[in-house]
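The entries follow the order in which I checked them.

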Amino acid sequence: MSEKKLKIGVSIGDVNGIGLEVIIKTFADNRITDFCTPIVYGNTKIASYYRKNIGLNDFSFHVINHPDQANDKRANMINCWDEDVKITPGEENETGGKYAFLSLEAAMNDLLDGKLDALVTAPINKNSIQSEAFKFPGHTEYLQSRTGASDSLMFMISDDLRIGVVTGHIPLKDVSQYLSSEQIVSKLQLMNQCLRNDFWIEKPKIAVLGLNPHAGDHGLIGTEEKEIIQPAIERAQELDIFAFGPYPADGFFAGNNYKNFDGILAMYHDQGLIPFKYIASHRGINFTAGLPIVRTSPDHGTAFDIAGKNMASADSFRSALFAAINIVKQREEQKTLLSNRLKTKRLSKDRD
């Protein structure tokens, strides 16, 4: 396999959030360029504002016009707009959303054109980014649409824990009506395939959580487990997926049962992300499984409450960057191995 240095695109997220702060803090360590060539899609004036704000006066981006010009020993930046932008750290407004989308769209265009090897996205504000061009609940749905994928999985990853969700950015009151056995089976297939192809786990063991308290308590506290979730698990097992459950979510995490599984499928967003963020402790990342491209992001949001205060940790963003590099390399290596399989033939029983 080629040992080329991967080009990793980075979208800056909401310009009033902590995106550029964690990006600059990450790339200020020039050892990062030993592992990849970073290309940030943003604007040097805004980057300069945050660079000065956090006191990194000896750091600067190498400015380029397209990925082919990237300096593989520097963190590079492509200016996605020319106009001056008023920065108001910690404030949710249309400006933050507008330029978050311009950054994301430019990076995604280059990724789909094959000019980048992967994409790491800094956090957006899901409300302020809404426009005629972006009518999605979040990154996951946008990326699925842009790539034409039939399905995708929000997959939260850390060293000790991997949690996917069946339903993502929808109101809690709508979760039950969105659930179906077919949807759960689809997510289990995506998770199983991802664990095998992207994380090289030959036979993943996957836990499925129930929807209701005590996983429905045999129908006493809800019937979704018996009518929807259990049939989905049985169907997945027929498809040779090692899926087990449904497990009551509270005892599953409180009793450390999660450590016995390679992946966990939660029924809704907070059921999976609350324990994940607590256990991962700012080291987790979000990986969009099921896409033909590789996209990761930190597991936190825009953090408006600390934006512009030089308080943001770059740990999760850094983890997302290295996860993207590792997943791309593992996909490439598997592709190479599968294309060079040894040919076999049946031996005759009469062979001496």
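Entry 1. I note that a residue counts as buried when its relative accessible area is under 20%, as exposed when it is over 50%, and as partly exposed in between. The model I am reading is a predicted one. I looked up Cys 194 and found a relative accessibility of 4%, so this cysteine is buried. Cys 80, at 22%, is partly exposed.

Entry 2. I searched the whole structure for disulfides and found zero. For Cys 80, the nearest cysteine sulfur belongs to Cys 36 and lies 18 Å away. A disulfide would need the two sulfur atoms within 2.5 Å, so Cys 80 is in no disulfide.

Entry 3. I turned to salt bridges, of which the structure holds twelve. Side chains of opposite charge can pair when their charged atoms come close.

Entry 4. Glu 132 and Lys 135 form a salt bridge, with 3.2 Å from N to O. Glu 132 is exposed at 71%, and Lys 135 is exposed at 55%.

Entry 5. Lys 173 and Asp 174 also form a salt bridge, at 3.3 Å from N to O. Here Lys 173 is exposed at 70%, whereas Asp 174 is buried at 14%.

Entry 6. Where do Asp 315 and Arg 318 lie? I found both in helix H10, residues 315-339, three residues apart, or about one turn of the helix. Asp 315 is partly exposed at 36%, and Arg 318 is partly exposed at 30%.

Notes: Residues numbered from 1 in each chain as written. Predicted model: local features only at pLDDT ≥ 70, side-chain atom pairs only at ≥ 80, totals over all residues. Heavy atoms only, no water. Buried < 20%, exposed > 50% of the residue type's maximum accessible area, 1.4 Å probe, protein only. Salt bridge = Lys/Arg side-chain N within 4 Å of Asp/Glu carboxyl O. Helix = DSSP H or I, 4+ residues; strand = E, 2+ residues; numbered from the N terminus.
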